[in-house]
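Dear colleague,

I am handing over the structure below, and I would be glad if you read these notes with it open beside you. After it comes what was found in it, taken one place at a time.

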Amino acid sequence: MLIACVAPCARSASLTDRASDAGIGFRHRSGATPHKYLLETMGGGVALLDFDGDGWLDVLFVNGGSIRGAPDRPAVDRSEPESFNRLYRNLGDGRFADVTDRSGISQKDSGIYGMGAATGDYDNDGLTDLVITGYGGTSLFRNTGGGTFRDVTQESGIGVPGWAASAGFADLNGDGLLDLVVTRYLDWDFDSHVGCGEDVPSYCPPTRYGRVTSMLFANDGGSRFSDHSEKAGLAGLPGKALGVAFNDLESDGDIDIVMANDSEPQQLLRNRGAASFRDVALDAGVAYNEDGGRFAGMGVDFDDYDNDGHPDILITNLARELYAVYRNDGDGLFSYRTRQSRLAAITASMSGWGVRLADFDLDGWKDIFVAQGHVLDTIRLTDPSLRYRQPPLLALGSEGRFEDVSGASGAVFAESLAGRGAAFGDLDNDGDVDVALGVLDGRPRVLYNSAADLGGRWIALRLVGDSSPRDGQGARISIRTPDGRAQHGFSSTAGSYLSASDPRVHFGLGANDTVEWIRIRWPSGTQQELRGVGANRYVTVREGRPLRD
Amino acid sequence: MAAAGTGGQLAPRLEELAREGVAARERGDLDAAEQALSDLAAEAPDFLPAHLNLGLVRYELFDYAGAAAAFSDALGLDGGVAGLHGLLGHALLETGRLDAAARALRQALDGDPSDLKSRFRLARALIERREFEGASALIGELESHAPGDPELLRLKILVSGNRSAELRRRLMRAAPGTVPARITAAEALVAAREWDEAQAAYEAVLRAEPHRRGPRLALGDILAARGRYEEAAEQFKEEARLVPHAAQPLMRWGEALLLQGASTAAEGVLQRALGVDGDSYEALELLSRARADQGRYADALAPLEKAVAAAADDSARMRMEYQLSRLYRRLGDAAKASFHAAEHRRLQDQAADGAGGVP
């Protein structure tokens, strides 16, 4: 039955922070020093992952560390518990338990300054594995079950020199195994650090440091990876990449990559098959803003905001630059739609990091959540019109336009925060998308969405691959509701900034209480269709097998 | 600006037109003066005072593009009049053609080094072009010629990108309570990016003098920079109503509409701006953007091609070359798209080199 959507069923989402009540005591440590090492202002990744397979998303917070030692020989110190990464197990009743000690992912004494996380079942054993990026090393943790991880970086063949930022898993060569992309930021180390700021020391702009290339590791099976960066074409594409997201750009079945670059052209890497990539950003129209200018690309999402079946690109950046929305026109070209989408007005004074296009209010249109805050803690001294700490943003979408509803969506949107990473997923399994927000040098916010409680209708898919990666990452899903509308989603834990999200794919249904059909195209090429599925349920779909709730 | 005489040998009917123009200007009927002097200039194109007076009247009408055209015509008849170069420079400066304005003002100063107005305006043009070194040198010269001039303090604040509260206080003490002092203070606040205070200062000016021309443009700019495009558009629209012969308010109104995504409305307003100043590369560029927003890529090409040819600086050219490359890509002309993309890249590299060796 089709019911007209009236005021109560649309355009309302309320996000409430329950981190403290839930027992999450983590506090991020940047290790800020008077020397203003650029590292200090860039961290704060978050991951939502069901590491114990109990059906509840757990939360990982990546920590930076202290920067200690003589001024001429500074070093990262992760010896203190306040510098550990923290893993919290979701107990399913609104509480979380700190399971860091047992998990083996604290990175105690590693000397690595932690940045972000990526999640995926790279060995197809049904357990979610973990990558933690950082300065001084990027680590692969294999989930060994029983709540423990083992650092298999050395034996896996993954080696990422320098400063890694975001990372993501995706099956880029169609062999059913998740490959790994790790972005690297820039050519910086403590020795090459320079001081910036005329009267007051401040963090240097990225233009002071050289470009580096990001890396692609092909999964060879048997828990071994090989550096495929050269063959993939990434080795010839230097940039200053902070964010990475995946989707199938042109519906050809190959997974493509978008990388957000800071002060360098953005990169759109089209997969020509077998994980061989060409940067088509310039031709496609996503390398620059509409003035042909570079901007400080930080967080990124690659998803279909206007429900036309073509994945679009959203990149967050610094105040005055306007978050960049590129609409995929379906002909290989993108249109810069920041003005027309109204994001120009919404984001003129904002600086954004973690970001996601997701239907937070369950009305059938994807919305935008952004973790915000300027990169410079001294910004007010040079530009009094800007603020270092800013509230996050919630902008509801409809018909390709967005409306800032932050002021009416919960107390967190009045809080001034140095937001950085943000991970997205359904923490309480009530059907709507919640948020874990990383705060630089602060306590994170764990934001529960009440859209489902307010009567919003939804459907969500939990995918289990067979010849595709077991966790279903890389699957494209389309649904059609009885009102004739179609929506499109993509299963990926990547995107945002330094963060990893729920692999399950959520759709808001507006006033519809059923879904006419759900079509899934798995990375293997297998296509599957489900018909007449009722609303408000998680549907587990096994590749090539009949539906089972 | 003072009215120039109408001397010279003219037919009686043209003498009558000249007298009519001057009389209308004296009684404040600037539209009638503009009409009479336009007719006179058309019928007696070699009569320099016609163009000169027409330029002055248009300047008073805030039709700076029209004034510049009239002063150019006058200079075409006698390029040796230093004062005419100064007038042309003033008018060009108001239209935002900073390169051409600076050239004309330098010529004025070459002819008459004692022309303080041109020196002040050249300093302003250089500041707007972000040529702070040259501007500072001029300000240094002005300090010996006009030490007490309030405009001098304003220029000093602007050239230093000043953020000093103490200087602002000095400024306010210099002429407390007067509207010009408030405007100068507001400009200093804008330079210091103290937008809350600057906005309040402009709003206070407009409360005191709601019909004053100028502050609405600055207030609109502040609102636009904060993403408050609808409010900015209202300010520009009101300014356009107050100053119907000026292209700038219309152009900024059009831009504010574009920033809201209202491309059809923007196109109409930008056409009006181009009706006032058909050579404004900024308005041409925005018109192209309005058409491209509506998917009319072929229609968007012509104004953009014209704009890039008239662009005042490499930064504008770089922006437009990129837009041209996008338009040609849309239109399926890969060769031209690549050509303009290469031009964009060249200008970008050139700018990076000039920025001082970014690694």
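Ala275(A) counts as buried because it has 25 C-beta neighbours inside 10 Å, where a residue is called buried if 20 or more other C-beta atoms lie within 10 Å of its own, exposed if 12 or fewer, and partly exposed in between, with the C-beta atoms placed from the backbone. Ala275(A) is found in the loop between strand 18 (267-271) and strand 19 (277-279) of chain A, and although it is not a glycine, it has a positive phi of about 55°. Helices (H or I, at least four residues) and strands (E, at least two) are DSSP runs, numbered from the N terminus.

Please keep in mind that this is a predicted model, in which local features need pLDDT of at least 70 and side-chain atom pairs count only at pLDDT 80 or more, while totals for chains, interfaces and linings use all residues. Residues are numbered from 1 along each chain as its sequence is written, and chains are lettered from A and ligands numbered from 1 in the order in which they are written.

Another residue of chain A that is not a glycine, Asp109(A), has a positive phi of about 60°. Asp109(A) sits in the loop between helix 1 (100-103) and strand 8 (113-120) of chain A, and with 12 other C-beta atoms within 10 Å it is exposed.

As for chain A as a whole, it holds six helices and 37 strands, and its C-alpha atoms fill a box of roughly 70 × 55 × 50 Å, taken along the principal axes. Of the 549 residues in chain A, 62% are buried. Among contacts in chain A between residues at least 6 apart in sequence, 61% join residues at least 24 apart, two residues being in contact if their C-beta atoms, placed from the backbone, lie within 7 Å.

Where the chains meet, 22 residues of chain A are in contact with 24 residues of chain B. On the side of chain A that touches chain B, helix 4 (281-284) and helix 5 (343-347) of chain A each supply at least two residues, and helix 5 of chain A gives the most, with three residues. By class, that side of chain A has nine nonpolar, seven polar and six charged residues, where Ala, Val, Leu, Ile, Met, Phe, Trp, Tyr, Cys and Pro count as nonpolar, Asp, Glu, Lys and Arg as charged, and the others, Gly among them, as polar.

Turning to chain B, how is helix 4 of chain B placed in the rest of the structure? Of its 14 residues, 10 are buried, so helix 4 of chain B is largely enclosed by the rest of the structure. The buried residues include Tyr64(B), Gly66(B), Phe71(B) and Leu75(B), and what covers them includes helix 3 (48-60), helix 5 (82-95), helix 15 (247-259) and helix 16 (263-276) of chain B.

Helix 15 of chain B also contains Gly254(B), which counts as buried because it has 31 C-beta neighbours inside 10 Å. Leaving aside neighbours within four places in sequence, Gly254(B) is in contact with Ala266(B), Val269(B), Leu270(B), Ala273(B) and Leu286(B).

Further along chain B, the axes of helix 17 (residues 281-293) and helix 18 (residues 297-310) of chain B come within 8 Å and cross at roughly 160°; axes are lines fitted to C-alpha atoms, for helices over the stretch in contact, and angles run from 0 to 180 degrees between N-to-C directions. That makes helix 17 of chain B roughly antiparallel to helix 18 of chain B, on a scale where angles under 35 degrees count as roughly parallel, over 145 as roughly antiparallel, 65 to 115 as roughly perpendicular and the rest as oblique. The contact of helix 17 of chain B with helix 18 of chain B has 10 nonpolar, one polar and four charged residues.

Helix 18 of chain B also packs with helix 19 (residues 314-330) of chain B, at an angle of about 155° and with their axes 10 Å apart, and these two helices of chain B are therefore roughly antiparallel to each other. In this contact, helix 18 of chain B contributes residues including Leu301(B) and Val308(B), and helix 19 of chain B contributes residues including Met320(B) and Leu327(B). By class, the contact of helix 18 with helix 19 of chain B has nine nonpolar, one polar and three charged residues.

With best wishes
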